[in-house]
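Please examine the structure shown below together with its sequence.

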Amino acid sequence: MDKIIELRNITKSFDGEVVLDNISLDIYDNEFITLLGPSGCGKTTTLRLIGGFETPDSGDVLFMGQRINDVPPHKRNVNTVFQRYALFPHLNVFENVAFPLRERKVPREEIETRVEEMLAMVALKGFEHRSVTSLSGGQQQRVAIARALVGKPRVLLLDEPLAALDLKLRKDMQQELKNIQKATGITFIFVTHDQEEALSMSDTIVVMSEGRIQQIGSSQDVYNEPKNAFVADFIGESNIVDGIMLRDKSVSFSGHTFACVDGGFAPSEPVDVVVRPEDVDIVPAGKGMLQGTVTSVTFMGVHYEVIVDIGGFKWMIQTTDFVAEGEHIGLYIEPDAIHIMKKSEYSGLYGDYASFSNEFDELSDAESEGSE
Amino acid sequence: MTKKTTRRNLVTGIAASPYELWAVVFILVPLAFVAYYAFTDNSFRFTTANITRFFTATSSVAGEDGAGREVRTYLLISWRSLKLAAISTVVCLLLGYPLAYIISRASPKAQKTMMTLIMIPMWMNFLIRTYAWMTILQDTGILNNFLAGLHLGRVHIIGTETAVVIGMVYDYLPYMILPLYSIMAKMDHRLIEAARDLGCAPVGVLRRVILPLSMPGVVNGVTMVLIPSISTFYISQKLGDGMFFLLGDAIEGQYTANNLHFAAAIAFILMVALLAAMAVMRHLTSKYTYGGAAA
Amino acid sequence: MKRASKIFTALMFVFLFAPIAILLLFSFNEARSLSVFSGFSLKWYRELFRDTETLKTVRNTLVLAVCAAGVSTVMGTAAAVGIHRMRSKYLRSALDMVTNIPMINPDIITGISMMLMFVFASRLFGFAASLSFITLLIAHITFCLPYVILQVLPRLRQMDKSLPEAAMDLGCTPWKAFWKVELPEIMPAIVTGMIMAFTLSLDDFVISYFTTGTGFQTLPIRIYNMTKKTVTPDMYALATLIFFVILALLLLSNLTDSEDSQKLRAARRAKRAAAGKPPADPRKQRILYACGGSLALVAVAAAIVFAVTETDNKPQVLNVYNWGEYISDGSEGSMDVVKEFERWYQEEYGRPVQVNYTTFASNEDMYAKLSSGAVRYDVVIPSDYMIARMIEEDMLLPLDFDNIPNYQYISDDFHGLYYDPDDAYSVPYAYGIVGVIYNANAVDEADASGWDLMWNEKYAGQILQFNNSRDAFGTAMYRAGMDVNTTDRSLWQSALDDLLAQRPLVKSYVMDEVYNMMESGEGAVAAYYAGDYFTMLDAQADTVDLRFYYPDPTNFYIDAMCVPSCCQNKQLAEIFINYMLSQEPAIANAEYTWYASPNTLVYENQDYIDEMGEDAMAILYPGWDDFAAQYNTYAYRNLDGELLDYINSLWETLKIN
């Protein structure tokens, strides 16, 4: 595969506040890559650098090997689907989609066929003469996608395009976007703060935080092999506890020594240990490796979410077996369920469910949506 | 319906009623009086003579070759007024549009300061401002002294159409900038980015996005400049060396000649023409406007 | 690109502020001229503060603007709220349309339409003095209202509809919900609307011109009425002061309250209101309301109080209606005649009197106002032909000369003249003779005689002609030896032909512009009044040498004091007329206006003669064998309406050529 976009050592700050801190990233042709991170992590700025709406303070943006730092947006073969679509309110659906073609003085008949093609692709045939303001959010979204794709860009940038849609519609659109990407073979660079979205759609995920790239990898990589506590926590649910790597394939935490599959650490090196909630089995009290008391049980539909107090550290466990609050239970963990990470600046910040509540999580989600 | 909402409707229903009454008594009734005077003679008997006079009165005007030529007096006056007003409006638009755009893209603080600066001249009496322009533009005035100081020769401006246009543009430019600015300041910046992203060069962005989106502002601005400039009499008197005789002069002249009925007739015709023109203009441009849904 | 736009912006601001810079500069001019700067002086600022009449009009203008802005803000905001909630689409769009009318209608039409209505109403309901502060206020409110509504309405439409609902849901009454949630939300628009209304009211001339009446004059009208003489630099001083006050206020408000902080606050408030939390920073908010609300309330209260005190007939009010700049007003160390009269009356009669002194720009202007029946004056000072017309139309009262003993000092020459053959209705105030003024540095002395100088092709492009029909036709008719009062239309037509022939030579048709143009040398030849020649002489540029002569025959005019039939206190009016004839004020007026006085107490007074100088006396009082005969032959007389209409159309023909 060929590199289509390269970011080299890019730094960008606004009003003295560093937004991107020495970022380097290669993006390959025909790939669905997602920039994932909480609000303020620099993902949108990265997108805008590629789109040409910002220029880096230092470092280079390369498009097919050529430096394009100073190429204005309209001369880049890159199009954007904007967060709230930015459809032109004075133009109807057809004219919105035809916009880039008219700019390029494409012959009339060709415009007609290409726009119709695009509208067919996004399932909006018959909406040509509707005013864009009369469309629903999902329909506007489709128009925005059609408009961005009609000019056949090499790269499509999508800036949280699904954020304003409701859950059901969002799921459908995820699938549809993925299909469109496959059908057109265009590189998609997708920005989101929603990890589920990222996991389900991407070939490659770039996890970002505080202006730095934390990890680049496939969905499975970042989920199963998070590089640090931030990634482990941000992608899915994780119990992250302090541990000591006794030797290869043996780690001690929570007062017990476990067999594991990782190695390559110094003897007795302090590490972060990640155990996913779904990888813990509940066994009767006295059995298993760890003992604890159930402090809360929430029914989630497919499973129960159980918070277990183990020596003062609260674990989250997802199980299909019912346990009662206050019950003493034992926990069993398979060796391949244990993931060992080097200590990082994020150690100790995440992974304890002592203050966990669903409501709290949603609240912070809503805030990040609103502010970006 | 709950008690609260009914009471609410009652309260807000009353809110507009003083204005409704006011609008009828002080906007509509006076206009009815203009019509009444326009269609009556000095003893208040019905007549269409005033109206027909406007369209049929003739004067002899010397042509290029010096030979006399019969022209319809008031139609000629109307045409000249319209021409000057149209030129002034276009100049206002050409100057005001970029300025409004530049201001709307400045920092919030700079925006406010610049808009304030644009408003300030409006607080000086407009008669005095026009007087000051006389001082600047006359043959021995400030401008010519300045040019002479630079050995650039002199220009004769006072008494020409240029002088009248300068005066009108100066006095009415803020009326063009205000509506343009207010619509541009509200304009969604992402639309401009979207256009750039979709391959528009800056000129294209202006033509294909900014211009159509600011159309309501253009309509308002054009209305607010065209109307006072078509009916002004002071500016043309002072800066036009008294060489221009426009609709405003005609109305004022008939008023001072105590010819109220004919003055009302001219006013009535002007009013009907302007209302019709505005209706047509709004209708035409409503295609480009979008009901404020994006605002 | 960036650079180009910066340069463009800078140039635009230069354009916008160039005239203001000129105002500023010339407000410090030593001489009276507005075109020749002769040295730095603060004199005009001193004059300004001595000029009580101007200061009064400034006060009037401000009171009017505050009242108009206040009332239209309150009513307009209420209207916007009402329109916004209106269920009926038809009513709403109908109101929208009506609201647009005052904006789409030219000022001149709005002005005329309101005047017609007020005049009609005053006839119908018998209000004697209906044109007054109240009518002016109504007119100003009417044209300010749309601006307020069109500011507030869009803001309401933008507002989140759930905001007031959230407030009511949280237990607010509808009224409280409006007051606590909606009002702060639309406050910025209300404030902008109010500022716009204030600005428009402050600057309006045209609508005020048609709707103003007895005893209440605004600054723009006063300035316009100065056109018989000329705009004096103290007006520039005033403009300069206004400029700096406004600049300071606006910059101050800019520093303390930037737009973004306002927006931020609104956003925060909205969030909190939606979340059911009490509004943030209630103290600041309350101050904002308090300011807006109390300003509006003060304005309404002031309007009412002012209206009541203005219409409430004080025991002694004298309404005087005179030409602009036609009385000694205390400037440049002169006597403030109006003030002195008030003082003198108090001393003499032991009662106070208040003189409302207002001005007009032309006889026709005065006649239109007076004949409408919607104003009330006690003393008017029109010109001869207009007096004849007013006598004919029973608009003047015969005077009781027992109350005007000073009439004895009027020269015998001024008895039994055509306009008032029995000397029953008028007392001459000043008179003048039209002469030709020329710049000796541009005009050959040999050419300087008779009316032909104004038709001399050698001076093409330097000749100034009157910009009013009667005087302009007069020059042509005197030149051709015609009777200026002929009813023979063919003679008028031939005079028009002469004027048309003259038109290519004419630089400019002028009224008060003649001062600037002659002083600066822009024009070389002009016909104007003898007294005004001296005013120009005073301010002529170094390169200009103005001279004066009388062509023969020429126009004589007399302005005389009369009592109109709408007078409320005839005796007081006559006392005022008598006072004006007494020596001190009469001399003060003659010295101030530079016009000749028919009063022997003036022109035989040695101090006056010395003050004027020999040359001026020779020009102003040339001496004649039979004044009455000459006057009766050459003065303008009242012409009938149809002929006037005909002349007006000839004038239009001249002007459109």
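In chain A, where is confidence lowest, and where is it highest? The model is predicted, and the lowest confidence in chain A falls in helix 9 (residues 358–371), with a mean of 43. The highest is found in strand 3 (residues 32–36) of chain A, at 94. Across chain A the average pLDDT is 87, and 95% of the residues score at least 70. Over residues 358–372 of chain A, pLDDT stays under 50, and for this stretch the model has 8 contacts beyond four places in sequence.

The division of chain A may be considered next. Chain A comprises domain 1 (3–224) and domain 2 (229–371). The centres of domain 1 and domain 2 of chain A, taken over C-alpha atoms, are separated by 35 Å. Where these two domains of chain A touch, domain 1 contributes 12 residues and domain 2 contributes 9 residues. On the domain 1 side, at least two residues each are supplied by strand 9 (204–209), strand 10 (212–217) and helix 7 (219–224) of chain A. Helix 7 of chain A provides the largest share, 3 residues. By class, this side of domain 1 of chain A has 5 nonpolar, 7 polar and no charged residues.

A contact between chains remains to be described. Chain C meets chain B through 91 residues of chain C and 95 residues of chain B. On the chain C side, helix 1 (residues 2–26) of chain C gives the largest share, 12 residues. The side of chain C that touches chain B divides into 57 nonpolar, 21 polar and 13 charged residues.

Definitions and conventions:
Residues are numbered from 1 along each chain as its sequence is written. Chains are lettered from A and ligands numbered from 1 in the order in which they are written. This is a predicted model: local features need pLDDT of at least 70, side-chain atom pairs count only at pLDDT 80 or more; totals for chains, interfaces and linings use all residues. Two residues are in contact if their C-beta atoms, placed from the backbone, lie within 7 Å. Helices (H or I, at least four residues) and strands (E, at least two) are DSSP runs, numbered from the N terminus. Ala, Val, Leu, Ile, Met, Phe, Trp, Tyr, Cys and Pro count as nonpolar, Asp, Glu, Lys and Arg as charged, and the others, Gly among them, as polar. pLDDT is the predictor's confidence in each residue, from 0 to 100. Domain bounds come from an automatic or database domain assignment.
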